[in-house]
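Q: Please take a close look at one part of this model, the ligand site. Walk me through what surrounds the ligand and how the chains come together there.

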Amino acid sequence: MLGSRFKLTLEIAKVHLLSKPKQTIIAMLGVTFGIAMFIALVGLMTGLNDFTEEITMTSSPDIHIYKDVTSPRKTILQQTNPGSLSWVHHQKPKNELTKVRNAYRIMELIRKNEMVRGVAPALSSQVFYNYGPAQLNGSILGVDILEEDKLFGLKSKMKEGRIEELLATREGIIMGQGLAKKLDVKKGNRIVITTPEGHTMTLKIVGIFQMGIGVVDNVRCYANIGTVQTILQQDPSYVTDINIKLNDRHLAKKYAAELEAKYNTKAEDWETANATFLTGVIIRNIITYAVSVTLLIVAGFGIYNILNMTIYNKMKDIAILKAMGFAGGDVRSIFMIQSLIIGLIGAVAGLAIGYILSVLISKAPFNGGDIISLDHFPVNFDPKFYMIGVVFGVITTAVAGYMPSRKASGIDPIEILRGQ
Amino acid sequence: MEVLATRNISKYFYEPEKFQVLKDITLTINRGEFLSLVGKSGCGKSTLMYVLSTMDTDYEGELEIAGQKLTGKNQDTLSAFRNEHIGFVFQFHYLLPEFTVLQNVMIPAMKRNQFSHEEIEYKAMERLKTLGVEQHAHKPSNKLSGGQQQRVAIARALINDPDIIMCDEPTGNLDSYNTHLVFDIFKQLTHEYKQTIIAVTHDDEFASKTDRIVQMSDGRIVQ
Ligand SMILES: Nc1ncnc2c1ncn2[C@@H]1O[C@H](COP(=O)(O)OP(=O)(O)O)[C@@H](O)[C@H]1O
Ligand SMILES: [Mg+2]
């Protein structure tokens, strides 16, 4: 019984919408435009976010242990006069090695923890790559290449050569693609490097890698850790960094704090290290939702106006319906149904147009430049956003339709009938 | 048998200043009666009609229709009551312009939701035949002449077999031909079908031919 009564209000709502097709279509287009923009924007923004997150996360450790020479230390004055009120301005770092003490012992202990997926040592140093008379600034990373591969999947990043060739060649390096391009060198070429201390060495390029991030590909070379120790004229225990990957990277923050306390070194988790990148993600999300919500609010005002106009024009009809026995709730649902139909059809059309836009964007050629290696925009087609889009659209129209509908339900038929 | 009864109905308007528009109105209407309510313009006829129609609930006194006391009932109950028991005909026809003639007549019955769509359609066609406008059933309602539209409005008022039909100046907007036509229809409805009708009018000729004339003056029933 309730069903057929609903059919009557639905029928009246339908007739109202169809009797003013232009007005109805314009109201729908408002919602369509808002939802389409939301789908296209959110697809592009989250596509970019996911893409950069993916390459950033795979190429950076979950926890990075190193010695922070800039960390504050007790001044000599404080050490000799403990408890005294003293102040030393502009304290400079000591000339000390950036060595992580007992690195191999620490790694052994860390490896025993079942949260840990892998641990790899690294020895990094600033170097100059000599290129004719010019010198290019860069860095060399001494690694245990097999461990490094376990952590960062180096094998899949190789453009030329294989990582095993580094094991066979003591004085070999694997060079970032951007750097190789700048130096105009290929696999098999030899290159001279100079350390800040003035030591030089000739190394052979045994492979080229590409991480997909400019800040790595344009400056970095991998070498055997022993090779780098030799260049720097340091002993075989000299390690500057320990990189850790966890099975669940969300535990990194807590575990890093634990390590820091236990081994008295700096241990930085990925969230802290990538703070700026993560802020970027948040800002992009805020922009996406702000723009979409703004568009939907504009669409909502459109619906509000059109519904108000319809109700104003239909005062007499509403009065007669009420006289004939329609309750306030029936009148309200006549107009709520109208706004929900506008919202639903508008939102579904918006999804379709948003999807088409997303496909076009994902096909458009795009040059990521030096920053990230990209030739097309990465676009996210997650159905979750399409669900959110429909819910957004319907909620907007429901909110926009509520006030006019309530006004219609409260119309006093006597006032209208008497006025004639 | 009485269809409608009021006891001491009074009503006040407070804008622009307090004044009593209905004064102590006690009235009974019997089944099959064709009653006309007459009086000078501004004497309170329409106001009384709106109280009797249950649309106006702001009054003192008591109202009873078809044996049910309606004073103090909530709006939704009164809406449902109007739908089942009262038919309306106004000076202007008030058909819904986007619907066909037939749909307009069917709407109160569909709202009542007691019969199937086919039964309602059949009944609506019967009413249109009684009113002599069945040939226009499938036209948009706004394509009919004023007299035809008013007859459709009467058919609509009849669709739920109401206990009483209330009319406010039903012929006020019609030429004399259509006025006579509507009058004859009302006469036929009351005499053949025992339909109760109360009609506000200031057409003395129209009133003089009804079964009973109730004269109002200054918010009171004087005769
Ligand atoms: N909403 C209102 N507020 C104040 N006064 C009203 C209102 N409606 C009607 N009136 C006054 O009440 C009196 C009766 O009006 P009405 O019932 O329409 O008279 P009639 O139908 O007999 O011509 C008139 O003086 C009119 O001006
Ligand atoms: Mg009047």
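This is a predicted model: local features need pLDDT of at least 70, side-chain atom pairs count only at pLDDT 80 or more; totals for chains, interfaces and linings use all residues.

A: A polar contact is a pair of N or O atoms within 3.5 Å. The side chain of R418(A) places an N or O atom 3.2 Å from an oxygen atom of ligand 1. The protein covers 66% of the 560 Å² of accessible area that ligand 1 has on its own.

Now the shell. It holds 13 residues, the closest being G42(B), G44(B), K45(B), S46(B) and T47(B). By class, 4 are nonpolar, 5 polar and 4 charged. α1(B) gives the largest share, 3 residues. The site is shared between chains, because residues from chains A and B surround ligand 1.

Next, the interface. Chain A brings 28 residues to the contact and chain B brings 26 residues. R418(A) returns here: with M324(A) and I414(A), R418(A) supplies 23% of the area that chain A buries against chain B, more than any other three residues. The buried area between the chains is about 2,500 Å², with 64% from carbon and sulfur atoms.

Charged pairs also cross over. The rule finds 2 salt bridges between chain A and chain B. One of them joins D330(A) to K111(B), with the closest N and O atoms 2.4 Å apart. On the side of chain A that touches chain B, α1(A) provides the largest share, 8 residues. That side has 15 nonpolar, 6 polar and 7 charged residues.

Key
Residues are numbered from 1 along each chain as its sequence is written. Chains are lettered from A and ligands numbered from 1 in the order in which they are written. Side-chain values use heavy atoms; hydrogens and water are left out. Contact means heavy atoms within 4.5 Å. Buried area is the accessible area (1.4 Å probe) that two parts lose on being put together, summed over both. A salt bridge is a side-chain nitrogen of Lys or Arg within 4 Å of a carboxyl oxygen of Asp or Glu. Helices (H or I, at least four residues) and strands (E, at least two) are DSSP runs, numbered from the N terminus. Ala, Val, Leu, Ile, Met, Phe, Trp, Tyr, Cys and Pro count as nonpolar, Asp, Glu, Lys and Arg as charged, and the others, Gly among them, as polar. A residue is near a molecule or strand if one of its heavy atoms lies within 4 Å of it. A polar contact is a pair of N or O atoms within 3.5 Å; within protein, one must be able to donate a hydrogen and the other to accept it, and residues adjacent in sequence count only if both atoms are side-chain atoms. Accessible areas come from the Shrake-Rupley method with a 1.4 Å probe; for residues, only the protein chains shown count as cover.
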